[in-house]
Amino acid sequence: MSTITQNTSSNAVETLRTWIAECPPQGMVFFGGAGVSTESGIPDFRSAKGIFLQDLGKQAAEFAERTDYPQRAKRLANLKLAPEQVVSRTFFDEYPAEFYAFYCDKMIFTDAQPNAAHRKLAQLEEQGILRAVVTQNIDGLHQAAGSKNVFELHGSVLRNFCMRCHAPYSLDEMLTLRETSEEGIPRCPECGGIIKPDVVLYEEGLDMNVLEGAIDAITRASLLVIAGTSLVVNPAASLIHYFHGEHLAIVNLSPTSADKLADLVIAEPVGKVFDF
């Protein structure tokens, strides 16, 4: 591919919009990451203000101290946790109260609304241009905007389930059960099991049905737009290699490892690019 890098040029944005307009029916697939939702007020993970640059181990330890667990606070402080550890399955199993303290504070945004990118993608799907959205996000904003064919690689905060009896719970139900719990852990009213968000934590595998659906959509695409993702997290980042269509466009404020593979690289906010 011959990369057209027009980072701040309106010509690059117009080129992408032309490709979208000329795309064959069901020919476009959108693969998005955290940068798609930042314009809805949800922080990303790895930018200068991202969640993963915060001292999460310190925050977890301070929470344990506030909830009368001094020994646990000391252990957490000594662990010197990397951000990925706090959102890992091991941490969830060993420190569920601390996990939920971080998760509810840093990863749930009940007031967030779809932005221009979410709305435009839903419109493109309705028009028969967009085949599917493949997202690394867990916020459910694509569906809130009206998108129907969405492959949520990392699950959704909107779905929760009891780990013992598998009873489902909505986000509001889970939050209520946590708020009314003395230990800060949402438990199933039916069996007492711990409720887990239906999100993919570190150390967990992706849902194979979702992954296979995403691969199939990307394989069939004529135009693949990758937006708002640093393409760091695998296996999601490796999905780009299933694309063999006509145009590959990347929309991201910072460089990605796949820029050299792209036909077009645009360093603009995703919502701005899709506000047409």
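The model is predicted.

The secondary structure of the protein chain comprises 11 helices and 10 strands. The chain has 276 residues, and buried residues make up 53% of them. Its exposed surface comes to about 13,100 Å². Carbon and sulfur atoms supply 50% of that area. Contacts were also sorted by separation in sequence. Among contacts between residues at least 6 apart, 66% join residues at least 24 apart.

The count of salt bridges comes to 10. One of them joins the side chains of R17 and E14, with an N to O distance of 3.3 Å. Both residues belong to helix α1, which covers residues 10-21. They are three residues apart there, so about one helical turn separates them. E14, at 42%, counts as partly exposed.

R220 and D216 form another salt bridge, and their closest N and O atoms are 3.0 Å apart. This pair lies in helix α10, residues 208-220. R220 and D216 are four residues apart, so they too are separated by about one helical turn. D216 is partly exposed, with a relative accessible area of 38%.

K196 pairs with E204 in a salt bridge, the closest N and O atoms lying 3.5 Å apart. K196 has a relative accessible area of 4% and is therefore buried. E204, with 23%, is partly exposed. These two residues also belong to a wider group. A network of salt bridges links R89, D93, K196 and E204.

Aromatic side chains form eight pairs in the structure. In one of these, the ring centres of F274 and F276 are 6.5 Å apart. Their planes meet at 40°, so the pair is tilted. The reason lies in the cut-offs: planes under 30 degrees apart count as stacked and those over 60 as edge-to-face, so the rest are tilted. F274 is buried, at 1% relative accessibility. F276 is partly exposed, at 38%.

The charged end of K120 sits over the ring of F276, 4.1 Å from the ring centre. Elsewhere among the aromatic residues, F92, F99, Y100 and Y103 form one cluster.

How values were computed:
Residues numbered from 1 in each chain as written. Predicted model: local features only at pLDDT ≥ 70, side-chain atom pairs only at ≥ 80, totals over all residues. Heavy atoms only, no water. Phe/Tyr/Trp six-rings, centres within 6.5 Å; stacked < 30°, edge-to-face > 60°. Buried < 20%, exposed > 50% of the residue type's maximum accessible area, 1.4 Å probe, protein only. Lys NZ or Arg CZ within 6 Å of the ring centre and 35° of its normal. Helix = DSSP H or I, 4+ residues; strand = E, 2+ residues; numbered from the N terminus. Contact = heavy atoms within 4.5 Å. Areas by Shrake-Rupley, 256 points an atom, 1.4 Å probe, with all protein chains shown as cover. Salt bridge = Lys/Arg side-chain N within 4 Å of Asp/Glu carboxyl O.
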